[in-house]
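Trainee: Hi! Could you walk me through this one?
Mentor: Happy to, let's look at it together.
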Amino acid sequence: MANVAVIGAQWGDEGKGKIVDWLAERADMVVRFQGGHNAGHTLVVGDQTYKLSLLPSGIVRGTPSVIGNGVVLDPWALKDEIARLSGQGVSVTPETLRVADTCALILPFHRDLDALREDASGAGKIGTTRRGIGPAYEDKVGRRAIRVCDLAHLDDLEPQLDRLFAHHDALRAGFGVDPVDRAELLAELRGIADFVLAFAKPVWRDLNEARGRGRRILFEGAQGVLLDIDHGTYPFVTSSNTVAGAAAAGSGIGPSGVGFVLGIAKAYTTRVGSGPFPTELAPGTEHGAVGERLGVTGREFGTVTGRKRRCGWFDSVLVRQSASVSGITGIALTKLDVLDGFDEVRICTGYRLRGADLDYFPAHAADQAAVEPVYETMEGWGETTAGARSWAELPAQAIKYIRRIEELIRCPVALVSTSPERADTILVRDPFAD
């Protein structure tokens with residue numbers, strides 16, 4: 001049986017939470033391998049809706065869950081999220097959750113710096129969630145981060161704090177802000193240390209032991225490939241690698257252990273925040289009413305920030321590019337039901353840039369902003385796809401739409417999701433069986 005890595009094939013918000021929850025019932029472990037509590041996964045189980053930011057989606061099902069070393073961890077956000085789930089009847093214990101002892105921590109001054117930078121950026125705003133994710137990753141690669149394992153050695157932390165604040169206090173002075181209060185920070189860390197350390201483990205060892213015993217491991221990515229720090233729409237990206245290759249580095253398992261790569265893509269396209277978006281149907285434009293309809297029907301608001309998502313037609317060029325750089329084995333196509341009732345649907349099949357045809361998304365931000373989408377128009381379907389659980393329940397035109405997407409992205413569709421309910425899923429190819 002294969003392990004499975006689930007990644008977003010667009011700009012995030014593709015419905016990874018539902019798909020991971022659907023797969024988690026048959027997994028032995030679920031692993032988050034990058035990002036932080038800027039992620040947002042919504043799970044609908046019966047009459048309960050669970051909103052997760054940091055915890056792996058398997059936690060709701062009681063599947064043993066792991067926060068890998070590639071994640072940056074806000075310990076107070078972790079505590080709050082566990083308390084919120086507890087209020088919904090989900091028990092999170094050291095038996096069901098393990099946190100890599102090498103995770104870098106997000107600390108209060110990371111949040112401060114994130115907000116200070118964004119507020120000072122004017123037209124250059126990136127649209128961060130202001131949760132300190134980027135500054136925490138900067139400290140990690142700058143070799144000055146405080147990690148989970150350091151919480152057990154707080155009395156020995158002074159040399160690390162010297163290195164850390166030589167950097168941060170200079171930045172804060174530039175913004176006219178007082179230096180970080182060391183005593184206050186240490187008091188906060190002492191207050192949270194025992195809580196976090198109860199979950200801390202060398203998870204790389206647990207994962208490799210599970211692999212050796214033939215256990216099914218499900219790797220859960222956050223955000224999407226188009227937000228990858230290397231392969232995304234830079235600089236309007238997140239601060240980590242979101243491609244499937246990060247599952248190995250961000251959890252401590254070898255690349256050969258990742259297995260089937262399932263890319264999640266909506267049947268249309270959305271994006272939160274700033275950055276290029278070739279197929280956007282923006283308000284106030286000729287086709288703005290279509291974008292508004294997609295947003296209302298699809299309930300396109302961010303799980304974490306509540307921000308309204310920008311909406312547009314499916315972009316096969318971008319998803320094909322995501323599939324290439326991530327080695328995607330199969331696609332889970334979500335929110336097909338949002339397209340029900342359209343007289344026609346459109347798919348972007350290429351771009352035109354200053355008179356030249358392109359079959360890929362260019363790297364430079366100016367070129368990305370200047371590309372014009374080339375569309376193919378297909379007949380829509382009047383019948384509903386909502387709740388369909390087999391091909392036989394789908395309208396013929398909806399099936400044609402799916403097949404055309406497969407041709408354009410050069411990747412097969414393995415799953416089709418037809419509503420937020422976990423059971424409303426059409427299984428075409430079982431990722432765990434490969």
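Mentor: A term to begin with: buried means under 20% relative accessible area, exposed over 50%, and partly exposed in between, with a 1.4 Å probe and protein chains only. This is a predicted model, where local features need pLDDT of at least 70, side-chain atom pairs count only at pLDDT 80 or more, and totals for chains, interfaces and linings use all residues. Residues are numbered from 1 along each chain as its sequence is written, and side-chain values use heavy atoms, with hydrogens and water left out.
Trainee: Thanks! Is threonine 269 buried or exposed?
Mentor: Threonine 269 counts as buried because its relative accessible area is 2%.
Trainee: And which residues is threonine 269 in contact with, leaving aside neighbours within four places in sequence?
Mentor: Among them are Gln10, Trp11, Phe277 and Trp313, where contact means heavy atoms within 4.5 Å.
Trainee: What lies 2.8 Å from a polar atom of its side chain?
Mentor: For threonine 269, that is the backbone oxygen of tryptophan 313. The backbone nitrogen of aspartate 315 lies 3.4 Å from a polar atom of the threonine 269 side chain.
Trainee: What about cysteine 411?
Mentor: Cysteine 411 is in no disulfide either, and the nearest cysteine sulfur, from cysteine 348, is 18 Å away.
Trainee: Why does cysteine 411 count as buried?
Mentor: Because its relative accessibility is 5%. Cysteine 103 is buried too, at 0%.

Methods. A polar contact is a pair of N or O atoms within 3.5 Å; within protein, one must be able to donate a hydrogen and the other to accept it, and residues adjacent in sequence count only if both atoms are side-chain atoms. A disulfide is a pair of cysteine sulfur atoms within 2.5 Å.
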